[in-house]
Amino acid sequence: MPRMYRKLVIVLLLFSTFCAEAQSIRLTNHQAPTALYIDAERIYNFNLYERSRLELDLTWVVPNESCPNAKYFLGQWTLNGYGAYGFGDKDFKFGGSAQLRLPNKSQTRIAFLAFKDLERAASRRLSPYRMLSPSANTGYVSSRYVGVKGAELWLSSTPTRGFSYTVRARQTWEDYRFDASGLLYPTLHPEQQTPVRMFSELTAQLRWTFGLTADARVGHVADTALAYYFRALVQYKASFDKYGLALFSQLGFATLGTPYSRLFDVSGTSNATYFFKNTFLTVAPNTFTANIFAHVCLNYTAPLPLWQTDWSAPHPFIQVNALWGHLFGQDSDGWRQWEGLPLRSPYMGIVEPATGFNGLLHWGLLDMGFGVAYRICPQSASYFSEDPTKNFAFTIVADLILDKYNK
(Lines give C-alpha, C1' and ligand atoms only; values in the text may rest on other atoms or scores of the structure.)
Protein backbone atom coordinates (compact mmCIF):
# COMPACT_ATOMS: atom_id res chain seq x y z
CA MET A 1 0.00 0.00 0.00
CA PRO A 2 2.73 2.59 0.83
CA ARG A 3 4.57 1.68 -2.39
CA MET A 4 1.47 2.28 -4.49
CA TYR A 5 0.88 5.53 -2.64
CA ARG A 6 4.39 6.78 -3.39
CA LYS A 7 3.94 6.12 -7.10
CA LEU A 8 0.64 7.98 -7.17
CA VAL A 9 2.08 10.99 -5.37
CA ILE A 10 4.90 11.20 -7.92
CA VAL A 11 2.39 10.98 -10.78
CA LEU A 12 0.30 13.69 -9.12
CA LEU A 13 3.30 15.98 -8.82
CA LEU A 14 4.28 15.46 -12.43
CA PHE A 15 0.71 16.08 -13.61
CA SER A 16 0.52 19.27 -11.60
CA THR A 17 3.46 20.74 -13.52
CA PHE A 18 1.29 20.90 -16.64
CA CYS A 19 -1.53 22.85 -15.00
CA ALA A 20 0.27 24.93 -12.41
CA GLU A 21 -1.74 28.06 -13.20
CA ALA A 22 -5.09 26.29 -13.11
CA GLN A 23 -7.51 26.98 -10.28
CA SER A 24 -10.99 28.04 -11.29
CA ILE A 25 -11.07 28.21 -15.08
CA ARG A 26 -13.69 30.41 -16.75
CA LEU A 27 -15.62 28.58 -19.48
CA THR A 28 -17.64 31.57 -20.71
CA ASN A 29 -16.80 34.87 -22.39
CA HIS A 30 -15.33 37.53 -20.10
CA GLN A 31 -18.20 39.96 -20.80
CA ALA A 32 -21.03 37.40 -20.92
CA PRO A 33 -24.08 38.08 -18.68
CA THR A 34 -23.18 35.07 -16.54
CA ALA A 35 -19.92 33.25 -15.79
CA LEU A 36 -19.32 29.50 -15.67
CA TYR A 37 -16.22 28.08 -13.98
CA ILE A 38 -14.65 24.67 -13.50
CA ASP A 39 -12.49 24.00 -10.44
CA ALA A 40 -9.35 22.45 -11.92
CA GLU A 41 -7.77 21.84 -8.51
CA ARG A 42 -10.41 19.28 -7.58
CA ILE A 43 -10.33 17.20 -10.75
CA TYR A 44 -8.14 14.52 -9.18
CA ASN A 45 -7.68 13.35 -5.60
CA PHE A 46 -6.12 10.34 -3.94
CA ASN A 47 -6.62 8.74 -0.55
CA LEU A 48 -6.31 5.23 0.82
CA TYR A 49 -10.10 4.77 0.95
CA GLU A 50 -11.22 6.01 -2.47
CA ARG A 51 -7.84 5.45 -4.11
CA SER A 52 -8.13 7.62 -7.21
CA ARG A 53 -11.03 10.06 -7.15
CA LEU A 54 -12.21 11.99 -10.20
CA GLU A 55 -14.42 15.04 -9.70
CA LEU A 56 -16.23 17.57 -11.87
CA ASP A 57 -16.96 20.79 -9.99
CA LEU A 58 -18.85 23.58 -11.82
CA THR A 59 -19.80 27.04 -10.56
CA TRP A 60 -22.26 29.43 -12.23
CA VAL A 61 -22.15 33.11 -11.23
CA VAL A 62 -25.17 35.34 -11.93
CA PRO A 63 -24.58 38.07 -12.93
CA ASN A 64 -21.02 38.17 -14.15
CA GLU A 65 -19.36 41.21 -12.56
CA SER A 66 -17.30 41.75 -15.73
CA CYS A 67 -20.45 42.28 -17.76
CA PRO A 68 -20.96 46.04 -18.42
CA ASN A 69 -24.75 45.67 -18.12
CA ALA A 70 -24.87 43.35 -15.10
CA LYS A 71 -28.35 43.18 -13.55
CA TYR A 72 -28.60 42.05 -9.94
CA PHE A 73 -31.58 40.35 -8.29
CA LEU A 74 -31.15 40.96 -4.53
CA GLY A 75 -27.41 40.53 -5.07
CA GLN A 76 -25.02 38.21 -6.86
CA TRP A 77 -25.92 34.50 -6.99
CA THR A 78 -23.43 31.64 -7.13
CA LEU A 79 -24.72 28.16 -7.97
CA ASN A 80 -22.38 25.21 -7.54
CA GLY A 81 -22.67 21.52 -8.29
CA TYR A 82 -20.19 18.66 -8.27
CA GLY A 83 -20.07 14.94 -8.88
CA ALA A 84 -17.24 12.57 -8.00
CA TYR A 85 -16.41 8.89 -8.29
CA GLY A 86 -14.01 6.86 -6.15
CA PHE A 87 -12.37 3.89 -7.82
CA GLY A 88 -11.54 2.20 -4.50
CA ASP A 89 -15.00 2.20 -2.93
CA LYS A 90 -16.74 2.25 -6.34
CA ASP A 91 -19.15 4.91 -5.12
CA PHE A 92 -20.52 8.20 -6.44
CA LYS A 93 -20.45 11.39 -4.38
CA PHE A 94 -22.25 14.60 -5.19
CA GLY A 95 -23.37 17.93 -3.80
CA GLY A 96 -24.71 21.34 -4.67
CA SER A 97 -25.13 24.80 -3.21
CA ALA A 98 -26.84 28.13 -3.80
CA GLN A 99 -25.13 31.26 -2.48
CA LEU A 100 -26.31 34.87 -2.40
CA ARG A 101 -23.86 37.73 -1.94
CA LEU A 102 -25.71 40.76 -0.63
CA PRO A 103 -24.91 44.20 -2.13
CA ASN A 104 -23.18 45.65 0.93
CA LYS A 105 -19.64 46.61 1.85
CA SER A 106 -19.15 43.74 4.30
CA GLN A 107 -19.39 41.10 1.53
CA THR A 108 -22.15 39.24 3.37
CA ARG A 109 -22.97 35.85 1.89
CA ILE A 110 -25.80 33.41 2.65
CA ALA A 111 -25.65 29.85 1.33
CA PHE A 112 -27.45 26.52 1.44
CA LEU A 113 -25.64 23.24 0.70
CA ALA A 114 -26.71 19.62 0.30
CA PHE A 115 -24.25 16.75 -0.13
CA LYS A 116 -23.45 13.02 -0.03
CA ASP A 117 -19.73 12.53 0.36
CA LEU A 118 -16.81 11.45 2.53
CA GLU A 119 -15.01 13.41 5.23
CA ARG A 120 -11.77 12.62 6.99
CA ALA A 121 -12.34 11.52 10.58
CA ALA A 122 -10.80 13.55 13.42
CA SER A 123 -9.37 16.08 10.97
CA ARG A 124 -7.74 19.25 12.29
CA ARG A 125 -7.21 20.86 8.91
CA LEU A 126 -8.94 24.22 8.38
CA SER A 127 -8.26 24.67 4.65
CA PRO A 128 -9.89 22.78 1.74
CA TYR A 129 -8.18 20.21 -0.46
CA ARG A 130 -6.14 21.61 -3.37
CA MET A 131 -4.54 19.32 -5.93
CA LEU A 132 -1.74 21.80 -6.64
CA SER A 133 -0.66 21.91 -2.97
CA PRO A 134 0.33 18.26 -2.41
CA SER A 135 2.63 19.02 0.54
CA ALA A 136 -0.40 20.29 2.50
CA ASN A 137 -2.68 17.34 1.69
CA THR A 138 -1.91 14.94 4.53
CA GLY A 139 -5.26 13.26 3.79
CA TYR A 140 -3.37 11.29 1.14
CA VAL A 141 -2.10 8.95 3.88
CA SER A 142 -5.23 8.76 6.04
CA SER A 143 -7.39 5.63 6.03
CA ARG A 144 -10.14 6.78 8.38
CA TYR A 145 -13.09 8.34 6.59
CA VAL A 146 -16.74 8.96 7.42
CA GLY A 147 -19.68 8.70 5.04
CA VAL A 148 -21.76 11.88 5.30
CA LYS A 149 -25.19 12.81 3.97
CA GLY A 150 -26.81 16.08 4.91
CA ALA A 151 -27.39 19.78 4.45
CA GLU A 152 -25.91 23.01 5.72
CA LEU A 153 -26.95 26.64 6.00
CA TRP A 154 -24.27 29.26 6.51
CA LEU A 155 -23.68 32.99 6.76
CA SER A 156 -20.33 34.71 6.22
CA SER A 157 -19.24 38.32 6.37
CA THR A 158 -16.17 40.55 6.33
CA PRO A 159 -17.10 43.48 8.59
CA THR A 160 -13.56 44.90 8.59
CA ARG A 161 -10.69 44.64 6.16
CA GLY A 162 -8.63 42.21 8.25
CA PHE A 163 -11.36 40.09 9.80
CA SER A 164 -14.07 37.72 8.58
CA TYR A 165 -16.41 35.21 10.16
CA THR A 166 -18.62 32.30 9.09
CA VAL A 167 -21.49 30.74 11.04
CA ARG A 168 -22.82 27.33 9.97
CA ALA A 169 -25.81 25.21 10.97
CA ARG A 170 -25.49 21.61 9.79
CA GLN A 171 -27.60 18.46 9.90
CA THR A 172 -25.96 15.18 8.81
CA TRP A 173 -26.33 11.40 8.91
CA GLU A 174 -22.92 9.77 9.26
CA ASP A 175 -21.37 6.29 9.37
CA TYR A 176 -17.77 5.23 9.94
CA ARG A 177 -15.99 3.65 6.98
CA PHE A 178 -13.35 2.00 9.19
CA ASP A 179 -12.95 0.00 12.39
CA ALA A 180 -10.01 -1.13 14.52
CA SER A 181 -9.08 -3.67 11.81
CA GLY A 182 -9.01 -1.27 8.87
CA LEU A 183 -11.14 -0.01 6.00
CA LEU A 184 -14.84 -0.80 5.55
CA TYR A 185 -16.64 -0.70 2.20
CA PRO A 186 -20.42 -0.81 2.78
CA THR A 187 -20.98 0.12 -0.87
CA LEU A 188 -19.30 -3.16 -1.87
CA HIS A 189 -20.20 -5.25 1.18
CA PRO A 190 -23.47 -4.07 2.81
CA GLU A 191 -22.87 -6.30 5.85
CA GLN A 192 -19.99 -3.97 6.79
CA GLN A 193 -22.33 -1.00 7.26
CA THR A 194 -21.70 0.65 10.63
CA PRO A 195 -24.56 2.33 12.52
CA VAL A 196 -25.73 5.60 10.98
CA ARG A 197 -25.92 8.42 13.52
CA MET A 198 -27.59 11.80 13.24
CA PHE A 199 -25.41 14.85 13.96
CA SER A 200 -26.68 18.39 14.54
CA GLU A 201 -23.97 21.05 14.70
CA LEU A 202 -23.54 24.79 15.00
CA THR A 203 -20.10 26.10 14.00
CA ALA A 204 -18.46 29.52 14.17
CA GLN A 205 -15.16 30.28 12.45
CA LEU A 206 -13.23 33.55 12.82
CA ARG A 207 -10.33 34.51 10.55
CA TRP A 208 -7.80 37.33 10.71
CA THR A 209 -5.60 38.18 7.72
CA PHE A 210 -2.40 38.01 9.79
CA GLY A 211 -2.80 34.21 10.03
CA LEU A 212 -4.98 33.54 13.07
CA THR A 213 -8.05 31.29 12.78
CA ALA A 214 -10.42 30.18 15.54
CA ASP A 215 -12.95 27.42 14.90
CA ALA A 216 -15.53 26.28 17.48
CA ARG A 217 -18.48 23.93 17.21
CA VAL A 218 -21.17 22.61 19.50
CA GLY A 219 -22.99 19.46 18.45
CA HIS A 220 -25.54 16.84 19.37
CA VAL A 221 -25.50 13.15 18.45
CA ALA A 222 -28.78 11.26 18.59
CA ASP A 223 -29.07 8.04 20.59
CA THR A 224 -25.84 8.26 22.57
CA ALA A 225 -25.21 8.45 26.30
CA LEU A 226 -23.24 11.70 26.07
CA ALA A 227 -25.21 13.40 23.35
CA TYR A 228 -23.67 16.89 23.46
CA TYR A 229 -20.09 17.83 22.69
CA PHE A 230 -17.94 20.92 22.19
CA ARG A 231 -14.83 21.21 20.04
CA ALA A 232 -12.53 24.21 19.58
CA LEU A 233 -9.41 24.67 17.46
CA VAL A 234 -7.14 27.72 17.27
CA GLN A 235 -4.48 27.97 14.57
CA TYR A 236 -1.78 30.50 13.79
CA LYS A 237 0.08 30.21 10.51
CA ALA A 238 2.52 32.77 9.16
CA SER A 239 5.50 33.04 6.81
CA PHE A 240 8.29 35.59 7.08
CA ASP A 241 9.93 35.12 3.70
CA LYS A 242 12.47 37.89 4.24
CA TYR A 243 13.96 35.96 7.15
CA GLY A 244 13.23 32.47 5.80
CA LEU A 245 10.91 31.61 8.70
CA ALA A 246 7.57 29.78 8.68
CA LEU A 247 5.50 29.15 11.80
CA PHE A 248 2.54 26.80 12.23
CA SER A 249 0.84 26.23 15.56
CA GLN A 250 -2.43 24.75 16.81
CA LEU A 251 -4.28 24.36 20.10
CA GLY A 252 -7.28 22.04 20.33
CA PHE A 253 -9.87 21.05 22.90
CA ALA A 254 -12.79 18.59 22.75
CA THR A 255 -15.03 17.63 25.65
CA LEU A 256 -15.26 14.20 27.26
CA GLY A 257 -17.54 11.95 25.20
CA THR A 258 -16.88 13.74 21.90
CA PRO A 259 -17.32 11.27 19.00
CA TYR A 260 -14.07 10.02 17.49
CA SER A 261 -14.79 11.78 14.19
CA ARG A 262 -14.70 15.12 16.06
CA LEU A 263 -11.58 14.44 18.13
CA PHE A 264 -8.09 15.43 16.91
CA ASP A 265 -5.91 13.07 14.90
CA VAL A 266 -2.42 14.31 15.79
CA SER A 267 -0.57 11.59 13.89
CA GLY A 268 1.94 12.07 11.08
CA THR A 269 2.86 10.83 7.61
CA SER A 270 5.63 8.31 8.27
CA ASN A 271 6.34 5.77 5.44
CA ALA A 272 5.05 8.18 2.78
CA THR A 273 8.60 9.26 1.72
CA TYR A 274 7.17 12.66 0.73
CA PHE A 275 7.82 15.79 2.81
CA PHE A 276 4.42 16.97 4.03
CA LYS A 277 4.33 20.35 5.71
CA ASN A 278 3.16 21.05 9.28
CA THR A 279 3.10 17.40 10.33
CA PHE A 280 5.32 14.77 11.91
CA LEU A 281 7.39 12.91 9.33
CA THR A 282 8.38 10.11 11.77
CA VAL A 283 4.92 9.31 13.17
CA ALA A 284 2.72 6.85 11.27
CA PRO A 285 -0.91 7.68 10.39
CA ASN A 286 -3.59 6.79 12.97
CA THR A 287 -1.01 6.64 15.77
CA PHE A 288 -2.14 9.44 18.08
CA THR A 289 -5.52 10.97 19.00
CA ALA A 290 -6.26 13.67 21.56
CA ASN A 291 -9.04 15.55 23.32
CA ILE A 292 -6.63 18.35 24.09
CA PHE A 293 -3.33 19.04 22.33
CA ALA A 294 -0.71 21.65 21.43
CA HIS A 295 1.43 21.52 18.28
CA VAL A 296 4.15 23.91 17.07
CA CYS A 297 6.17 23.63 13.86
CA LEU A 298 8.97 26.12 13.15
CA ASN A 299 10.83 26.01 9.85
CA TYR A 300 13.85 28.04 8.78
CA THR A 301 14.86 27.92 5.09
CA ALA A 302 17.87 29.90 3.96
CA PRO A 303 16.58 32.80 1.79
CA LEU A 304 19.64 32.59 -0.49
CA PRO A 305 20.76 29.37 -2.21
CA LEU A 306 24.17 27.86 -1.64
CA TRP A 307 24.71 28.16 -5.40
CA GLN A 308 22.58 29.05 -8.42
CA THR A 309 22.48 27.29 -11.78
CA ASP A 310 19.77 26.54 -14.32
CA TRP A 311 19.24 23.10 -12.82
CA SER A 312 20.10 23.56 -9.15
CA ALA A 313 19.66 26.19 -6.42
CA PRO A 314 19.76 24.40 -3.04
CA HIS A 315 18.29 26.15 0.01
CA PRO A 316 19.18 24.32 3.26
CA PHE A 317 16.44 24.17 5.89
CA ILE A 318 16.05 23.29 9.55
CA GLN A 319 12.71 22.38 11.10
CA VAL A 320 11.51 21.57 14.61
CA ASN A 321 8.15 19.99 15.45
CA ALA A 322 6.86 19.75 19.03
CA LEU A 323 3.63 18.04 20.13
CA TRP A 324 1.79 17.17 23.34
CA GLY A 325 -1.68 15.65 23.66
CA HIS A 326 -4.04 14.04 26.16
CA LEU A 327 -7.12 11.79 25.98
CA PHE A 328 -9.70 12.22 28.71
CA GLY A 329 -10.03 8.89 30.53
CA GLN A 330 -6.70 7.52 29.29
CA ASP A 331 -4.67 5.01 31.33
CA SER A 332 -1.12 5.53 32.58
CA ASP A 333 0.29 4.66 29.15
CA GLY A 334 -1.95 7.10 27.29
CA TRP A 335 -4.42 4.47 25.97
CA ARG A 336 -8.20 4.70 25.89
CA GLN A 337 -10.86 2.53 24.27
CA TRP A 338 -13.51 4.68 22.57
CA GLU A 339 -16.19 3.70 20.03
CA GLY A 340 -14.50 0.34 19.48
CA LEU A 341 -11.11 1.92 18.71
CA PRO A 342 -7.91 1.63 20.77
CA LEU A 343 -6.70 5.24 20.93
CA ARG A 344 -3.44 6.59 22.31
CA SER A 345 -2.28 10.13 23.00
CA PRO A 346 1.24 11.64 22.88
CA TYR A 347 0.89 12.15 26.64
CA MET A 348 4.60 12.66 27.32
CA GLY A 349 5.28 14.77 24.25
CA ILE A 350 7.35 14.43 21.09
CA VAL A 351 10.02 16.61 19.52
CA GLU A 352 11.08 16.06 15.92
CA PRO A 353 14.05 17.95 14.42
CA ALA A 354 14.45 17.77 10.65
CA THR A 355 16.87 19.12 8.09
CA GLY A 356 17.49 18.94 4.36
CA PHE A 357 17.62 20.90 1.12
CA ASN A 358 14.98 22.53 -1.07
CA GLY A 359 15.69 23.11 -4.75
CA LEU A 360 18.62 20.77 -5.04
CA LEU A 361 17.35 19.88 -8.51
CA HIS A 362 15.08 21.79 -10.93
CA TRP A 363 12.86 19.46 -12.94
CA GLY A 364 10.33 21.20 -15.17
CA LEU A 365 8.23 23.27 -12.77
CA LEU A 366 9.39 21.29 -9.75
CA ASP A 367 11.99 22.15 -7.16
CA MET A 368 13.20 18.86 -5.72
CA GLY A 369 15.31 18.07 -2.69
CA PHE A 370 15.41 15.77 0.32
CA GLY A 371 14.88 15.84 4.05
CA VAL A 372 15.65 13.71 7.09
CA ALA A 373 13.85 13.80 10.44
CA TYR A 374 14.39 12.12 13.83
CA ARG A 375 11.84 11.54 16.59
CA ILE A 376 12.75 12.30 20.21
CA CYS A 377 10.58 11.37 23.19
CA PRO A 378 11.08 10.27 26.83
CA GLN A 379 12.27 6.68 27.26
CA SER A 380 9.45 6.09 29.76
CA ALA A 381 6.79 6.88 27.12
CA SER A 382 4.82 3.87 25.84
CA TYR A 383 5.53 4.97 22.26
CA PHE A 384 9.32 5.13 22.71
CA SER A 385 11.26 2.83 20.38
CA GLU A 386 14.68 1.49 21.25
CA ASP A 387 15.35 0.81 17.57
CA PRO A 388 16.84 4.08 16.27
CA THR A 389 16.01 3.19 12.66
CA LYS A 390 12.29 3.40 13.49
CA ASN A 391 12.76 6.96 14.69
CA PHE A 392 14.19 8.21 11.38
CA ALA A 393 12.28 9.38 8.31
CA PHE A 394 13.87 10.07 4.92
CA THR A 395 11.73 12.11 2.55
CA ILE A 396 11.63 13.72 -0.88
CA VAL A 397 10.97 17.46 -0.94
CA ALA A 398 9.10 18.72 -4.01
CA ASP A 399 7.63 22.20 -4.53
CA LEU A 400 5.93 23.80 -7.51
CA ILE A 401 7.79 26.73 -9.08
CA LEU A 402 5.21 29.33 -10.07
CA ASP A 403 7.50 32.31 -10.49
CA LYS A 404 8.21 31.40 -14.13
CA TYR A 405 4.68 32.39 -15.03
CA ASN A 406 5.11 35.87 -13.56
CA LYS A 407 8.25 36.87 -15.44
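A salt bridge is a side-chain nitrogen of Lys or Arg within 4 Å of a carboxyl oxygen of Asp or Glu. The present model is predicted, and the structure holds 18 salt bridges. Side chains of opposite charge can pair when their charged atoms come close.

**Salt bridges**

| Pair | N to O distance |
|---|---|
| Arg53 and Glu50 | 3.1 Å |
| Asp91 and Lys116 | 3.3 Å |
| Arg197 and Glu339 | 3.2 Å |

In the pair formed by Arg53 and Glu50, with N and O 3.1 Å apart, both Arg53 and Glu50 are buried.

The salt bridge between Asp91 and Lys116 has its closest N and O atoms 3.3 Å apart. This pair connects distant parts of the chain, with Asp91 in strand S6 (residues 91–101) and Lys116 in strand S7 (residues 109–120), a separation of 25 residues. Asp91 has a relative accessibility of 13%, and because buried means under 20% relative accessible area, Asp91 counts as buried.

Arg197 and Glu339 also meet through their side chains, at 3.2 Å from N to O. Arg197 is buried, at 18% relative accessibility. Glu339 is partly exposed, its relative accessible area being 30%.

Salt bridges with shared partners also build one network, which joins Arg42, Glu50, Arg53, Glu55, Asp89, Lys93 and Asp117.

**Backbone geometry**

Most residues other than glycine have a negative phi, and most peptide bonds are trans. The following residues depart from these patterns.

Val62 and Pro63 are joined by a cis peptide bond, with omega at about -5°. Pro63 is placed in the loop between strand S4 (51–62) and strand S5 (76–86).

Asn278 has a positive phi, near 60°, although it is a residue other than glycine. Its place is in the loop between strand S16 (264–265) and strand S17 (289–290). Asn278 is partly exposed, with a relative accessible area of 24%.

Asn286 likewise has a positive phi near 60°, and Asn286 lies in the loop between S16 and S17. At 24% relative accessibility, Asn286 is classed as partly exposed.

Definitions and conventions: Residues are numbered from 1 along each chain as its sequence is written. This is a predicted model: local features need pLDDT of at least 70, side-chain atom pairs count only at pLDDT 80 or more; totals for chains, interfaces and linings use all residues. Side-chain values use heavy atoms; hydrogens and water are left out. Buried means under 20% relative accessible area, exposed over 50%, partly exposed in between (1.4 Å probe, protein chains only). Helices (H or I, at least four residues) and strands (E, at least two) are DSSP runs, numbered from the N terminus.
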